Amino acid sequence: MPSRPILILLALLPVTAPGQVQSVLHPKGEDAALIAEISWILFIGGGLIFFVVILLAGIALFAPQPRREWLSHRSLIIGGGIAFPVVVLSALLVYTFSSDTVAGKREPAAIRIEVTGELWWWRVRYLDAAGKVLLESANEIHLPVGKSAEVLLKSTEVIHSFWVPNLAGKLDLIPGRVNRLRLQADAPGSFRGQCAEYCGAQHAKMALYVIAEEPPAFEAWLAAQMRPAATPRDDLQHLGQRLFLDNRCGQCHTVRGTAAAGKLGPDLTHVGSRASLAAGTLPNNPGTIAGWITGSQQIKPGSRMPSFNQFSGHELRGLAAYLASLQ
Ligand SMILES: [Cu+2]
């Protein structure tokens, strides 16, 4: 049995843990802050009431007769048993409703992003004011700090759930429906999100990152992402591009500016600029790109990308160098 101070420390662990990259307890956006506030009020209030009830039960059970007589007064039963719950629950109802209207009354979103749940990754499209697609990417959303984005949540085959705990609540992506979520970050940072509705074999490997940056950095990112892919700069990258175009990669992947225009898999036009590969499964570098190409079915069994194990080491280095250069 661990000692009492250790138990207390263990209980505080989730609150003090430094890993804030995916945490409801470290809100960095308006909605997340509201949800955290409501949760704390309910949690602390519920805890206090529970404590008082246990105390009264203890008195009723163990105190000597004259010291517990007051518990049977009619006023205590009516007050504690009827009036108190009615007042507390009504107050909470008004409080949660009023936070809801705060959330409803906000200025229009600065940007619109369409997020589609795929098996098992996130298709991300930035839209202009008219709803036209500005650019397509995957598994990574960039946001300007302090500006809100309207996220249109869609799905093609099964239900997923979009959850970036530091920034907002959880909302489902349902085939045939469009759900709308407000996303806003109040501080720069990288926040991890995770599919929160079981969606098949690789549900656990369906994460994404939201990267919040100062508006000028965001504008620069947007402009860079809208440009077509970089052209190969050396022999290795040239080899990689040729192999990419000759090996049906383009049947599933788009690289804007080349003949590759597939739609089944993630857009790879700027894959080298992303933090992770395969929806948060691997960090992104030439080594993991090569590993993914030969071993996608070992890394993420059942994924819609077949493993390509026909390449020589040199060819794999070429493919990885080419894809990593697509910044
Ligand atoms: Cu999912």
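Hi everyone, let's start at one residue: leaving aside neighbours within four places in sequence, V210 is in contact with I141, L143, V164, L167, A185, F191 and G193. Contact here is when the C-beta atoms of two residues, placed from the backbone, lie within 7 Å.

A word on the source. This is a predicted model, where local features need pLDDT of at least 70, side-chain atom pairs count only at pLDDT 80 or more, and totals for chains, interfaces and linings use all residues. Residues are numbered from 1 along each chain as its sequence is written.

Where does V210 sit? Together with L323, V210 has the most contacts inside the largest nonpolar core, which has 56 residues. Such a core is a set of buried Ala, Val, Leu, Ile, Met, Phe, Trp, Tyr and Cys residues joined through C-beta atoms within 7 Å; buried residues have 20 or more other C-beta atoms within 10 Å of their own. Which element gives the most to this core? That is α9, with seven residues. The core also draws at least three residues from each of domain 2 (111-226) and domain 3 (235-324), with bounds from an automatic or database domain assignment.

Now the whole chain. The protein chain has nine helices and twelve strands, taken as DSSP runs: H or I of at least four residues for helices, E of at least two for strands. Its C-alpha atoms fill a box of roughly 95 × 50 × 35 Å along the principal axes. Of its 327 residues, 29% count as buried. And among contacts with a separation of 6 or more, 63% come from residues 24 or more positions apart.

Note on methods:
Buried ≥ 20, exposed ≤ 12 C-beta atoms within 10 Å, placed from the backbone.
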